[in-house]
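Here are a few exercises to work through with the model open beside you. Try each task before reading its solution.

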Amino acid sequence: MTTILGIETSCDETAAAVVRDGRVVLSSVVSSQIDIHARFGGVVPEIASRAHVELLTPVIAEALVEAGVDETGIDAVACTVGPGLIGSLLVGVSAAKALALVWDVPFVGVNHLEAHFVAAFLEEPELEPPIVVLLVSGGHTMLVEVSEIGKYRVIGSTIDDAAGEAFDKVARFLGLGYPGGPAIDREAMAGDPNAIRFPRAMMDSGYDFSFSGVKTSVINHVRKNPEVVTADVCASFQEAVVDVLVTKARRAAKELGAKGMALAGGVAANSVLRERLLDACTDDGLHGFLPSRAMCTDNAAMIAATGYYRLRDDGPTPLDVGADPNLRLAIFT
Ligand code: KG4
Ligand code: ZN
């Protein structure tokens, strides 16, 4: 039995969790800074780092109490070492190393993106690889083939804006506030998704994505047609983005012979994306899995779980490792 404390501070969520054997979540505490950043219309890195320093110790303490373990019950400390905001990452990495040192247990550095792919399996143990994971967040848009837990290959990613970034930018332009995704999702419910045909870039070629064109197209359309109904713009924009995401994920699953598809990242909360992906899975005979909103967005349970597999396969991470804001994904196949 291996019990791991996970720590996540790569962006604006301060999180700690205790997970047993990479599967059983004993506790998962997330303190979101969303209210602190909302009035600036986005995450302010300096403010995020300062908030992590204030929040992390109580969040870790709460995670241990909720799990009903003390330091003698922790076998390793796992922490996100990248990618993310450097000031934010350093807070978590320093805390994790210090705890590993005083508790005399291994430290495990975790790639935040890999943790998003592991998250689906944490909530759905019956999900059988190989699967295709569509990771769609404010910072990333990726299609990933997971051949088994801990073994994956990125097959496509965005060449410009991330999907969530496009939602946030369009919402900002339309005056709907931050974060933009939930606002557009809500507004779109009253709109007609076929009102305006926005472009679907690169939909039928390859697995890479591009969302900056659709964003510009929305802005140009609204400038030219100031009387257009905002709900129709939101619904049509959302339709274009979801259409591209689901078409590509579906094609990837078919070509790779995957048994299922799963979503990860904040945009996975999008109601139309969830519905369409499940419909596609039903049509194609695939196991579709939509992790809960809490598991799609940043949390430390996915970090602790990934730490378990990395510790098992690669051993402890040396204590002189740094945080890397641009950490790339190693390809494990
Ligand atoms: O994964 P996440 O919480 O944070 C990172 O980017 O790391 O994702 C946040 C992104 C934001 O861009 C937000 O607008 C988007 O997820 N989002 C949504 C929805 N809820 C959150 N996008 C579309 N529809 C939603 N319902
Ligand atoms: Zn994330």
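**Exercise 1. Is Asp21 buried, exposed or partly exposed, and where does Asp21 lie?**

Step 1: Asp21 has a relative accessible area of 30%, so it counts as partly exposed; buried means under 20% relative accessible area, exposed over 50%, and partly exposed in between (1.4 Å probe, protein chains only).
Step 2: Helices (H or I, at least four residues) and strands (E, at least two) are DSSP runs, numbered from the N terminus.
Step 3: Check the backbone: phi of Asp21 is near 50 degrees, a positive value in a residue other than glycine. Most residues other than glycine have a negative phi.

A word on ground rules: this is a predicted model, where local features need pLDDT of at least 70, side-chain atom pairs count only at pLDDT 80 or more, and totals for chains, interfaces and linings use all residues. Residues are numbered from 1 along each chain as its sequence is written, chains are lettered from A and ligands numbered from 1 in the order in which they are written, and side-chain values use heavy atoms, with hydrogens and water left out.

**Exercise 2. Which residues are the protein donors of the zinc ion (ligand 2)?**

Step 1: Pick out His112 (NE2), His116 (NE2) and Asp298 (OD), lying 2.1 Å from the zinc ion. Donors are N, O and S atoms within 2.8 Å of the metal (3.2 Å for Na, K and Ca); water is not among the atoms, so sites may look incomplete.
Step 2: Write the spacing of the donor residues: H-x3-H-x181-D.
Step 3: His116 lies in helix 4 (residues 112-123) and Asp298 in the loop between helix 10 (293-296) and helix 11 (301-314), so this pair ties together parts 182 residues apart in sequence.
Step 4: Both His116 and Asp298 are buried.

**Exercise 3. How many residues of the shell around ligand 1 come from helix 6?**

Step 1: Helix 6 gives four residues, the largest share of the shell.
Step 2: Look at the backbone of Gly138: an N or O atom there lies 2.7 Å from an oxygen atom of ligand 1. For Gly266, the corresponding distance is 2.9 Å.

Conventions: A polar contact is a pair of N or O atoms within 3.5 Å; within protein, one must be able to donate a hydrogen and the other to accept it, and residues adjacent in sequence count only if both atoms are side-chain atoms.
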